[in-house]
Amino acid sequence: MENKEARIKVKTKPINRRYAKWGYIFALPFIVLYLIFTFVPMGNSLYYAFCYVRHYIGYAEPKLLSQEGYPWYQNFKEVFTAASFWDSVKNTFKFSIGQIIPEWILAFWLAVMMTDRRLKFKGRKILKSIFVFPKLLAGSTVGSLLTSFLLMFFGSFAFKLYMASMIDGFGFEFEDFECLTSMPFFIIIVSIFMHFGITFIYAVVGITSVPVEVFEAAEMDGANRLQTFFHVTIPCMRPVMLFITILSVVDCLGMSDIPAIFGYSSDRENLTLQIYIQMQAGQCLDRASVGCIVLLFLCAVISGIFYFAFFRDKDEEALRKMRRKEKRELARARGEAS
Amino acid sequence: MSENQLSRSFVKKTDLALKIITYIVSIGITALVIAPFVTLISGDIIDPAMKAARSESTLSFREAIDLVLRYTPLPGAFKNSMIISGISTVSCVYVSAITAYSLVAYEWKFRRIFNKFIIIVMMIPSNITIIGYYQLVWKFHLANKLCMVIFPAITAPLAVYFMKLYLEATFSKDILESARMDGAGEIRIFNKIILPLMKPALATQAIFIFLDSWTEYVIPGIVLVKDEKRPLSIMAMMFSGLAADMFEDPAIAALIIGSLTIFLVLPPIVLFAFLSKDIVEGVQLGSVKY
């Protein structure tokens, strides 16, 4: 009897330990599915960068480059010496930066204004649905109708500016507006239009997640809106910011559908990295794999820079380090005592 | 008049100005979104082909649908799309939620490592797996199976991260302990207590996951090559290429593609209309607490 009671006591004491196995069980489906259906194919994709796979569709294992008598870096050499590849990387960066900066400014500005308590803005929920609407239609004929309308609108706007410059009323030259009618400008405009709603929704999620008292305190201390945003809102919504950043970075670097609307351009103005990979995958899977490696590398580096520069919780990390040190010292002291 | 009062009236004025500017900007964006549809209805149409469609063709919407049904496997494609998107959305949301729950509620040994793993894996663009996935599917003779499109869509690290943030904010150990006290099993606790608790996060993610899988055409394009297995997104894309050749009158072709598009566009909008009121708002997300 006594023995049994003692055992129960021992069993109930580390209550969290006892349920730890459920943590494994609940995480297992994700891990297994992720390993099989994402990690293995990804490893395969990256492995082909070191193989010779030309005009190859079949079931046999591809051969390594060294077996075919090439040096192992042959594919990298071919890709890195191609002008089209560098154009695609350049374009990807151009489109990404051109998209992210205005999109974020617009989305965050609108989100801050609409969630501001002092302004008492009405109709946020309806506007939220309207802002996501282009994204809901994207990838269909109505989506391209929307795109073409947008192009029309900005095209006619640019044309009016042209006219104004011809009248020469404002001292503008004809060439000043050339960038407004170029393909990259349209691509950026359409991408912003399509992607802006998602950023806006998550920005509202992040800003409303900051407790109201914090804003009140900042207001009491006399902070203006800009200060409040950069010194209170952004640090408080850090986890959601990480989410928004990675969403934007991955979407922008992997952008392919909107530039593809403009079709084939001889001077490669709308060639992005993703389109480059898709085009290469038709003939040379190995070169497409090299493109994949570059895409992965860029995503990892840019997201990593953002993570380590802005979103890592430095204080918490320091605290954890301190705790670990204390624990170690305690253990050492105990060891010495015994 | 004291200085304080002066500054207050100034603040009020700038507030009003800001409010008006915000309204103007948001109404402008709304106009940009809605204008294409208004022009479509009012008759001042941009596309010359569409303009011709208005003046010449005598096809009603019903006749256009009949033509679509005659020339395309629309019901089958719609069913395939519904199966793929429905199952992958539901299972993706469920798996993400249960993974997030395992990260928040239990103290297992590799929890911190797994957490870091999720954050790292979020940064991987989904498109880079495609080449390897293509080889995998064809090597094991798994092509033309709908489940091969569903499986890779189930795991979404971004959704897991978002749900983890939400759960960290709303979940408390007391609920868990009292439910255990009442003798509920762990799976039952998750299904009956945690899932309803996470409803806003589930709704937010479900919209975007459904949208992604509904408009996805790369993975279905390489896995499903048989005609009767194709989802709607690919079927519509192929048919809109064919329609221009099939029908001599471009107006009729445009009308038919347009009526096909309605089926492509409607489900995400309906889902959004149902779920948009549940989108997360006003919950203290993340580890920053005061």
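This is a predicted model: local features need pLDDT of at least 70, side-chain atom pairs count only at pLDDT 80 or more; totals for chains, interfaces and linings use all residues.
Residues are numbered from 1 along each chain as its sequence is written, and chains are lettered from A in the order in which they are written. Local features need pLDDT of at least 70 and side-chain atom pairs count only at pLDDT 80 or more, while totals for chains, interfaces and linings use all residues.

Q: Why are α8(B) and α11(B) called roughly antiparallel to each other?
A: Helix α8 (residues 157-170) and helix α11 (residues 199-215) of chain B pack at about 165°, with axes 10 Å apart. Angles run from 0 to 180 degrees between N-to-C directions, on axes fitted to C-alpha atoms over the stretch in contact. Under 35 degrees counts as roughly parallel, over 145 as roughly antiparallel, 65 to 115 as roughly perpendicular and the rest as oblique. The pair α8(B) and α11(B) is therefore roughly antiparallel.

Q: What is the hand of the crossing of α8(B) and α11(B)?
A: The crossing is right-handed. That term applies if the near helix is turned clockwise from the far one by less than a right angle, and left-handed applies if anticlockwise.

Q: Which residues of α8(B) and α11(B) meet?
A: B:Ala159, B:Phe162, B:Met163 and B:Tyr166 of α8(B) meet B:Ala201, B:Gln205 and B:Ile209 of α11(B). Contact requires C-beta atoms, placed from the backbone, to lie within 7 Å. By class this contact has six nonpolar, one polar and no charged residues. Ala, Val, Leu, Ile, Met, Phe, Trp, Tyr, Cys and Pro count as nonpolar, Asp, Glu, Lys and Arg as charged, and the others, Gly among them, as polar.

Q: What makes B:Asn80 buried or exposed?
A: B:Asn80, found in helix α4 (residues 74-105) of chain B, has 23 other C-beta atoms within 10 Å. A residue is buried if 20 or more lie within that distance, exposed if 12 or fewer, and partly exposed in between. B:Asn80 is therefore buried. Leaving aside neighbours within four places in sequence, B:Asn80 is in contact with B:Leu146, B:Lys229, B:Arg230 and B:Pro231. B:Asn80 and B:Lys229 are 149 residues apart in sequence and 6.7 Å apart in space, C-alpha to C-alpha.

Q: Why does B:His141 count as exposed?
A: B:His141 has 9 C-beta neighbours inside 10 Å and therefore counts as exposed. B:His141 lies in the loop between α6 (130-139) and α7 (147-154) of chain B. The phi of B:His141 is positive, about 55°, although this residue is not a glycine.

Q: What makes B:Asn144 partly exposed?
A: B:Asn144 has 14 C-beta neighbours inside 10 Å and so counts as partly exposed. B:Asn144 is found in the loop between α6 and α7 of chain B, and has a positive phi near 65° without being glycine.

Q: How many residues of chain B are in contact with chain A?
A: In chain B, 72 residues are in contact with 80 residues of chain A. The largest share of the chain B side, 12 residues, comes from helix α1 (residues 3-42). By class, that side has 44 nonpolar, 20 polar and eight charged residues.

Q: Where do the domain bounds of chain A lie?
A: Chain A is divided into domain 1 (16-72) and domain 2 (88-328). Such bounds come from an automatic or database domain assignment. In chain A, 10 residues of domain 1 are in contact with eight of domain 2.

Definitions and conventions: Helices (H or I, at least four residues) and strands (E, at least two) are DSSP runs, numbered from the N terminus. Two residues are in contact if their C-beta atoms, placed from the backbone, lie within 7 Å.
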